[in-house]
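Let's take a look at a ligand site and a metal site. Here comes the model.

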Amino acid sequence: MPSLVIVGGFFGDEGKGKIISYLAQKDKPTIVVRGGAGPNAGHTIEDGNKKYKVRMLPSGFLNKKAKLMIGPGVVVNPDVLHKEISEFDVASRTFVDYNTGIIEKIHTDADSAGRLKEKIGSTGSGTGPANADRAMRTLKMARDIPSLKQYLADVPAEINLALEHDENVLVEGTQGTFLSLFHGSYPYVTSKDVTASGICADIGLGPKNVDDVMVVFKSYVTRVGEGLLEGELSKEETAARGWAEIGTVTGRQRRAAEFNFNMAKRAVMLNSATQIGLTKLDVLFPECAHAQSFDTLSDKAKAFVTKIEDETDVPVTLIGTGPGVTDIIDLRS
Ligand code: GTP
Ligand code: IMP
Ligand code: MG
């Protein structure tokens with residue numbers, strides 16, 4: 001901090017939502033701002049016995065004082081956004097950039113059938129077709145939509161002003177490094193660059209104003225949709241290991257493989273990561289469930305964390321030990 005960018009290190013669903021909601025409460029940023037593709041993202045956040053699913057708003061909404069912003073590089077489905085604003089009661093602190101792109105029915109229709117759905121396994125959220133229209137310069141912008149008028153703001157100006165005032169700004173990426181249009185396993189990727197540089201461009205944060213980049217890895221790798229997953233386990237083996245997960249947006253079962261150190265190293269390079277957030281250590285090592293300090297982890301779990309640090313040469317600073325926002329080990333000094 002003051003500016004901390006969070007990005008996914010594998011294929012999305014690394015648990016960024018939980019990491020961001022922890023940081024939004026702990027570091028007290030004045031702004032939590034979303035870059036990334038669009039409502040193809042889905043974060044699940046568990047706080048006490050409450051479970052939230054969020055696709056459009058930043059996952060930092062549990063910090064009741066933070067302004068929640070969506071950058072111009074994102075595409076927004078107004079129906080999904082309005083629903084989340086009312087569900088989380090955040091109308092007074094939600095801000096959408098004038099130039100944020102708008103997903104309409106033609107985009108969701110085009111995404112729900114045909115090549116994108118069948119060949120790529122797209123989420124059907126309209127994100128890809130909307131970004132295609134943006135490239136064609138035909139996409140509507142948030143400034144064209146009367147129902148968004150009360151939320152319109154100059155998001156890059158707000159962020160950069162906050163940083164000038166030494167306030168903390170938490171930047172939320174979505175998807176993951178290997179779903180990036182430029183750096184992922186093309187064509188089985190999303191419709192944008194979702195590495196740290198892309199996320200910063202989405203919100204108008206220049207490279208020299210980035211203080212820290214945290215890449216988030218899950219303790220194993222999952223992938224939804226099509227495309228190669230090296231070392232993919234069978235459904236039976238995935239279930240036997242307790243790694244079976246269901247996608248937040250599409251309800252599809254996620255494919256799974258063991259932690260991939262080569263991918264982790266490449267993700268660190270592509271994102272110029274300064275920190276690693278590691279989630280679901282408790283799934284790999286059940287004896288670590290709900291641990292809050294490194295000392296109380298088992299030797300095997302400690303060795304796994306140390307190996308990640310040795311291989312990537314980047315410190316693991318946050319470790320998730322359960323789905324709850326407070327199931328976390330914070331190793332930042
Ligand atoms: P995308 O932006 O769609 O890539 O999503 P995401 O990275 O926010 O991840 P998502 O919420 O889709 O999936 C992660 C799941 O793991 C959620 O159900 C979280 O509640 C859960 N989770 C996150 N961290 C931990 C952890 O450390 N331990 C356990 N057991 N569950 C966790
Ligand atoms: P699209 O972004 O909806 O076009 O989907 C393209 C590919 O990216 C598909 O394989 C999707 O499953 C995957 N994808 C897109 N967004 C996410 C995400 O947030 N988490 C995980 N996978 C995603
Ligand atoms: Mg997700």
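Aspartate 13 counts as partly exposed because its relative accessibility is 22%, while glycine 42 is buried at 13% (buried means under 20% relative accessible area, exposed over 50%, partly exposed in between, with a 1.4 Å probe and protein chains only).

Both residues turn up at the magnesium ion (ligand 3): Asp13 (OD) and Gly42 (O) are its protein donors, 2.0 to 2.2 Å away. Donors here are N, O and S atoms within 2.8 Å of the metal (3.2 Å for Na, K and Ca), and with water not among the atoms, sites may look incomplete. The pair sits 29 residues apart, with aspartate 13 in the loop between strand 1 (3–8) and helix 1, and glycine 42 in the loop between strand 2 (31–34) and strand 3. Helices (H or I, at least four residues) and strands (E, at least two) are DSSP runs, numbered from the N terminus.

This is a predicted model, where local features need pLDDT of at least 70, side-chain atom pairs count only at pLDDT 80 or more, and totals for chains, interfaces and linings use all residues. Residues are numbered from 1 along each chain as written, chains are lettered from A and ligands numbered from 1 in written order, and side-chain values use heavy atoms, without hydrogens and water.

| Residue (backbone atom) | Ligand 1 atom | Distance |
|---|---|---|
| Glycine 17 | oxygen | 2.9 Å |
| Threonine 44 | oxygen | 2.7 Å |
| Glycine 322 | nitrogen | 3.3 Å |

Helix 1 (16–26), strand 3 (43–47) and helix 10 (281–284) each give two or more residues to the shell around ligand 1.

Note on methods:
Polar contact = N/O pair within 3.5 Å; in protein donor to acceptor, adjacent residues only side chain to side chain.
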